[in-house]
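Me: I have a model open and want to go through it. Can you take my questions one by one?

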Amino acid sequence: MQIAQDSVALIDYTLTNDEGDVIDSSAGGEPLAYLHGHHNIIPGLEKALVGKVVGDSLKVSIEPAEGYGELNESLIEVVPKHLFSGVDQIEVGMQFHAQTGQGMQVITVTAVEGDEVTVDGNHPLAGQTLHFDVTVKEVRAASAEELEHGHVHGTGGHHH
Ligand code: ZN
């Protein structure tokens, strides 16, 4: 069975950046299960998996536009520390939910200097070319319930 619209596919993957650092991997855990054609995974990876069958391995490099988007400079802001009332110590890498012009967003603290805190509302992988090494472990048709929910149930998917 080939991966196509409404397939459930289970994949083992390793994601590295341009420097070759491993950013994410399914190694040592369950494979990732996703429902094809339902925006479960980034568009570039989904496209590369069309037509693949169990046992296929592929290496694919995905540009930001087909990944987590280009880096949007306007989402990087310097704000005064007092805005983080209730937080004892502001540290680089902390993440907060913030109400922005584009709705609720996750922002990441990228710098702290005196009373100034730099926050970044971009996805941590925005602007990066992503290198995936993927092996297809299983392909099956989705159940009616999975299609209704828009995600996979069971191994590697949602348990509810
Ligand atoms: Zn569900």
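**Working through the model**

Me: Start with glycine 55. Is glycine 55 buried or exposed?
Reply: Glycine 55 is exposed, at a relative accessible area of 52%. Keep in mind that this is a predicted model.

Me: Where does glycine 55 sit among the elements?
Reply: Glycine 55 is placed in the loop between H1 and strand S4 (57–62).

Me: Let's zoom out. How many helices and strands are there in the protein?
Reply: The protein has two helices and nine strands. Read from the N terminus, the order of the elements is β-β-β-α-β-β-β-β-β-β-α.

Me: What does the C-alpha trace span along its principal axes?
Reply: About 60 × 35 × 30 Å. Of the 160 residues of the protein, 36% count as buried.

Me: Which domains does the assignment give?
Reply: The domain assignment gives domain 1 as 7–68 + 126–149, and domain 2 as 73–120.

Me: What distance separates the centres of domain 1 and domain 2?
Reply: 31 Å, with the centres taken over C-alpha atoms.

Me: Now the metal. Which residues coordinate the zinc ion?
Reply: The zinc ion is coordinated by His149 through ND1, and by His151, His153 and His160 through NE2, at 1.9 to 2.1 Å. In sequence, the spacing of these donor residues is H-x1-H-x1-H-x6-H.

Me: What is the geometry of the site of the zinc ion?
Reply: The site is tetrahedral, with angles of 100 to 121° among the four donor atoms.

Me: Are histidine 151 and histidine 153 buried or exposed?
Reply: Histidine 151 is buried, and histidine 153 is buried as well.

Me: Backbone next. What is the phi of aspartate 6?
Reply: Aspartate 6 has a positive phi of about 70°, although it is not a glycine. Most residues other than glycine have a negative phi.

Me: Where does aspartate 6 lie?
Reply: In the segment before strand S1 (7–16). Aspartate 6 has a relative accessible area of 28%, so it counts as partly exposed.

Me: What about the phi of histidine 39?
Reply: Histidine 39 also is not a glycine, and its phi is positive, at about 55°. Histidine 39 lies in the loop between strand S3 (32–35) and helix H1 (43–49).

Me: Why does histidine 39 count as exposed?
Reply: Because its relative accessibility is 74%, and exposed means over 50%.

Me: Why does isoleucine 90 count as buried?
Reply: Isoleucine 90 counts as buried because its relative accessibility is 9%, and the cut-off is under 20%.

Me: How far apart are isoleucine 90 and valine 112?
Reply: They are 22 residues apart in sequence, and 7.4 Å apart in space from C-alpha to C-alpha.

Me: Last one, aspartate 115. Where is aspartate 115 found?
Reply: Aspartate 115 is in the loop between strand S7 (103–113) and strand S8 (116–120). With a relative accessible area of 46%, aspartate 115 is partly exposed.

Me: And how far is aspartate 115 from valine 78?
Reply: The C-alpha atoms of aspartate 115 and valine 78 are 9.9 Å apart in space, and the two residues are 37 apart in sequence.

Technical notes. Residues are numbered from 1 along each chain as its sequence is written. This is a predicted model: local features need pLDDT of at least 70, side-chain atom pairs count only at pLDDT 80 or more; totals for chains, interfaces and linings use all residues. Side-chain values use heavy atoms; hydrogens and water are left out. Donors are N, O and S atoms within 2.8 Å of the metal (3.2 Å for Na, K and Ca); water is not among the atoms, so sites may look incomplete. Four donors count as tetrahedral if all angles lie between 85 and 135 degrees; four count as square planar and six as octahedral if opposite donors are over 155 degrees apart and all others between 65 and 115; anything else is irregular. Buried means under 20% relative accessible area, exposed over 50%, partly exposed in between (1.4 Å probe, protein chains only). Domain bounds come from an automatic or database domain assignment. Helices (H or I, at least four residues) and strands (E, at least two) are DSSP runs, numbered from the N terminus.
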